[in-house]
Amino acid sequence: MSISSLKFLKQTSLSVDRFSDNGVEKNLHYVIKNNEFSVVVELPDNVENTNFNRLAIEAQLLYDCSPKPKEVLQVRQKPYKYKGIVERGDPRKCTLQVSISILSSQHEDMNFLLEIKAKDSETNKVVATGFSEPVQVISKPDVLRKKREPKKKKRTWNDRITETLERLEAKQNETIRLISSQQTCGMDSDPFQLLNTPKHPSEAFETAFYDLVRAYREMKEEERPTKIRKLVTGNQFDPTVNEMVSSLHSCTSSKSLDTSFPSKGKPSSTVTDYGTVKTEASDLFPSDFDINNLVEDLFLP
């Protein structure tokens, strides 16, 4: 003959969470160590002609584990206390006031059950029995708050390497952006140009002038007039161009440039105020080159 099951009417606790155990939804009650909580039970309908005034109630603390609960072994002292109070208006109901003292590192995050039995006082025969909802013991309410906070994922070596690479990539992109912005402002495409000391304006003008002469010399003779007039016409409204044309023309008109060059020997060079070697005109112009005509071709309409 099977033993009847007690009705569990109420179970108090600090807080309740829902969880799934092998696909079965259950309530998990959090209680504080050594603090009392209540479990209210009632005799089943098929148990007649008796009540808790005539029955002894017994509770046993078990581990909530599969496939079936296991008893919590008593080492030095009983790990829990309880007492039953029969309801005055209805002696078929009984309230158990329970406190659990067990709490150690090995029991952390473990769930417990109370197996409650109602026994006949005379024969000690079990009339009805049942299990409470799972209980977890904590030391203080703040522990519950920490349990419910999202757990931070532990960083692995892969995470650290990925973060380092991302930082390096960000710095590389920033460097490329700075180089691109410098290029937009007129810098040479060579990124090492950023490391060079800017030239003095007079030195830059001198270099540009010699570059102009070299380019003129390398052009085909029949191309020179068309190209020169195209450039000058396109910049005729620039006051700087007009000023430069006027200056060059006045210089070539007042003083004839010396275009004679030695027939033998190496080109001479001098050191400028800026520490750079300047090649003399003898290295730049062929013996038949007329600088006066070049100025007139370049800058006179």
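Predicted model: local features only at pLDDT ≥ 70, side-chain atom pairs only at ≥ 80, totals over all residues.
Next I looked up the overall make-up. The protein has 6 helices and 14 strands. I noted that 25% of its 301 residues count as buried. Its accessible surface comes to about 21700 Å², and carbon and sulfur atoms hold 51% of that.

Then I turned to E115, which sits in strand β10, residues 112-120. Does E115 have a salt bridge or none? I found none, although E115 is buried. K117 is the nearest side chain of opposite charge, at 4.3 Å, and the cut-off for a salt bridge is 4 Å. I also listed what E115 touches, leaving aside neighbours within four places in sequence. Its contacts are E58, A59, Q60 and L62, together with T129, G130 and F131.

My last entry is on helix α3, residues 201-218. I checked its length: 18 residues at 1.5 Å each should span 26 Å, and the end C-alpha atoms are 26 Å apart, so the two agree.

Which residues of α3 are buried? I wrote down E203, Y210, V213 and Y216. Looking down the axis of α3, I saw these buried residues fall within an arc of 155°, so they line one face of the helix. For background, an α-helix has 3.6 residues a turn, so residues three or four places apart point the same way. On the face of α3 turned away from the buried side, I noted the exposed residues P201 and E218.

How values were computed
Residues numbered from 1 in each chain as written. Heavy atoms only, no water. Helix = DSSP H or I, 4+ residues; strand = E, 2+ residues; numbered from the N terminus. Buried < 20%, exposed > 50% of the residue type's maximum accessible area, 1.4 Å probe, protein only. Areas by Shrake-Rupley, 256 points an atom, 1.4 Å probe, with all protein chains shown as cover. Lys, Arg positive; Asp, Glu negative; His and termini not counted. Contact = heavy atoms within 4.5 Å. Expected span 1.5 Å × (residues − 1). Arc of directions from axis to C-beta.
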